[in-house]
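Reader: Hi, I'm new to this one. Can you put it up and walk me through it?

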Amino acid sequence: MSTIRAAVILVVITLCVGGAAARATDPVDVRAMQAIAKSTGADKSLGWGVKSGDPCDGTWPGVRCDKDLGRVTAIDASNGGLAGTISGTDLSDLTYLLSLDLSRNRLNTATGFPEQPRPLRHLTYLNLSSNAFRDMPHYFLLAFPALQTFAMDDNEGDMATGYFLVDLVRCLALRTFSANNMALYGELSDYLGNGTIFPALERVSLAGNYLVDDVHHDWGKNSKVKFLDISNQSFGGDKQLLGRLDFVAGMTDLVEIHVRDNLFDGPLPDVSGLANLKVFDAANNNLCGRLNFPSGVAVNVDGNPGVGKDCP
Ligand SMILES: *[C@@H]1O[C@H](CO)[C@@H](O)[C@H](O)[C@H]1NC(C)=O
Ligand SMILES: *[C@@H]1O[C@H](CO)[C@@H](O)[C@H](O)[C@H]1NC(C)=O
Ligand SMILES: *[C@@H]1O[C@H](CO)[C@@H](O)[C@H](O)[C@H]1NC(C)=O
């Protein structure tokens, strides 16, 4: 009896030790996180690695792990005083990363990130807003095939929409695309309005860029886009996004649309098929026609001299 009990205890102990060993942080992630801590200055600014070399033991602010896997799953280093480099190799080694928030730091392309990372197959959230990124390599987005939320607002940017967005078509799960105020120039990409390519895309924000030309009349048709902001496109003080707002009528899932401070002309769009519309913001354009919006829609058409009159 006592031998059996001893055997059982031994088995239990073995299982416990075995289980604990499986939960130790993967040495690949440990090495990668220590390298990133050093290269971005997060060892100094956030104290990563100061109390312990293990990024998963709770002493690394903003780092979360899956304890069962022993892998790093989320990094929130927003406003973390980061500068310098994140190498593509170090980033790619974090193969279980789901979420990466590097917003509000001083990272820029020249200092190394993003060198083309190997694909991070689980990454769904990437926020690079408020840094100094410019001239991103166009293949950069290929590294994030599972992306659902991408934000790169308020960067130096200076990129053509076509060039930058061509690889986005591989991100089939994209729900939110936010690239306000980052000197994107060129046409509003047809991809973003195509519900076949992006069946889950709900939010598109491109305010304060240099978009030109007119928006194709079936842009967004049958898409799931609920929120669209393409307001305030100008370059050197000249507005250059123009044409008609006819495309709005086909965007049947729209809840909010912001097209203010552009050169759209022609009649106000027919929104009778837009059952969920709550906000129509088209101030400071050249639209015309009688106001005919359902009650419950917040409408701003100030600064359109032809509104309230019949179109010529
Ligand atoms: C990205 O980060 C900024 C700054 O921290 C935040 O305000 C913004 O909401 C984030 N964007 C998304 C789409 O999560
Ligand atoms: C959307 O993309 C699909 C697949 O690339 C293409 O066949 C289709 O013509 C596009 N639709 C529009 C309206 O551009
Ligand atoms: C409009 O966009 C420019 C960048 O092109 C930005 O500097 C400005 O603050 C924006 N204006 C508004 C009212 O958002």
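Reader: Let's start with one residue. Is Phe235 buried, partly exposed or exposed?

Author: Phe235 counts as partly exposed, because its relative accessibility is 49%. Buried means under 20% relative accessible area, exposed means over 50%, and partly exposed lies in between (1.4 Å probe, protein chains only).

Reader: What should I know about the source and the numbering?

Author: This is a predicted model: local features need pLDDT of at least 70, side-chain atom pairs count only at pLDDT 80 or more, and totals for chains, interfaces and linings use all residues. Residues are numbered from 1 along each chain as its sequence is written, chains are lettered from A and ligands numbered from 1 in the order in which they are written, and side-chain values use heavy atoms, with hydrogens and water left out.

Reader: Back to Phe235. Why is its pair with Tyr210 called edge-to-face?

Author: The ring centres of Tyr210 and Phe235 are 4.7 Å apart and the planes stand at 70°, so the pair is edge-to-face. Rings of Phe, Tyr and Trp (its six-membered ring) pair if their centres lie within 6.5 Å; planes under 30 degrees apart are stacked, over 60 edge-to-face, and the rest tilted.

Reader: Where do Tyr210 and Phe235 sit in the chain?

Author: Tyr210 is in strand 10 (residues 210-211) and Phe235 in strand 13 (residues 234-235). They are 25 residues apart, so the pair links distant parts of the chain. Strands here are DSSP runs (E, at least two residues), numbered from the N terminus. Tyr210 is also partly exposed, at 25% relative accessibility.

Reader: How many aromatic pairs are there in the whole structure?

Author: The search finds 7. There is also an aromatic cluster made of Phe150, Phe164 and Phe177.

Reader: New topic. What is the strand order in the sheet of 11 strands?

Author: The order is 1-2-3-4-5-7-9-12-16-18-20, in an open sheet with mixed pairing. Two strands pair if DSSP finds at least two bridges between them. Neighbouring strands are turned by 10° against each other on average, direction ignored. That angle uses axes fitted to C-alpha atoms, and angles run from 0 to 180 degrees between N-to-C directions.

Reader: How do strand 1 and strand 2 pair, parallel or antiparallel?

Author: Antiparallel, over 4 bridges. Val63 stands opposite Ile75 in strand 2. The two strands form a hairpin with 4 residues between them, and Gly70 in the turn has a positive phi of about 70°.

Reader: How many residues of strand 2 are buried?

Author: Strand 2 is mostly covered, with 5 of its 6 residues buried. Asp76 lies in this strand (residues 71-76) and is partly exposed, with a relative accessible area of 43%.

Reader: What is the bridge partner of Asp76 in strand 3?

Author: Asp101. Strand 2 and strand 3 (residues 99-101) are parallel and share 3 bridges.

Reader: And which strands make up the sheet of 5?

Author: The order is 11-15-17-19-21, an open sheet with parallel pairing. Strand 11 (213-214) and strand 21 (306-307) are the edges; each has a single partner strand, so one side is left without a neighbour in the sheet. Strand 11 joins strand 15 (residues 241-243) through 2 bridges, and Asp214 is partnered with Leu242.

Reader: What lines the largest cavity?

Author: Ile36, Trp48, Ile75, Leu82, Ile86, Leu91, Leu100 and Leu102. By class that is 8 nonpolar, no polar and no charged residues. Nonpolar covers Ala, Val, Leu, Ile, Met, Phe, Trp, Tyr, Cys and Pro; Asp, Glu, Lys and Arg are charged, and the others, Gly among them, polar. The volume is about 40 Å³. On a 1 Å grid over the protein atoms alone, a cavity is a set of points where a 1.4 Å probe fits but cannot get out; lining residues have an atom within 4 Å of a point.

Notes: 1 Å grid on protein atoms, 1.4 Å probe; cavity = no way out; pocket = protein on both sides within 12 Å on 5 of 7 lines; lining within 4 Å. Points joined across faces, edges and corners; volume = space filled by probe spheres on them.
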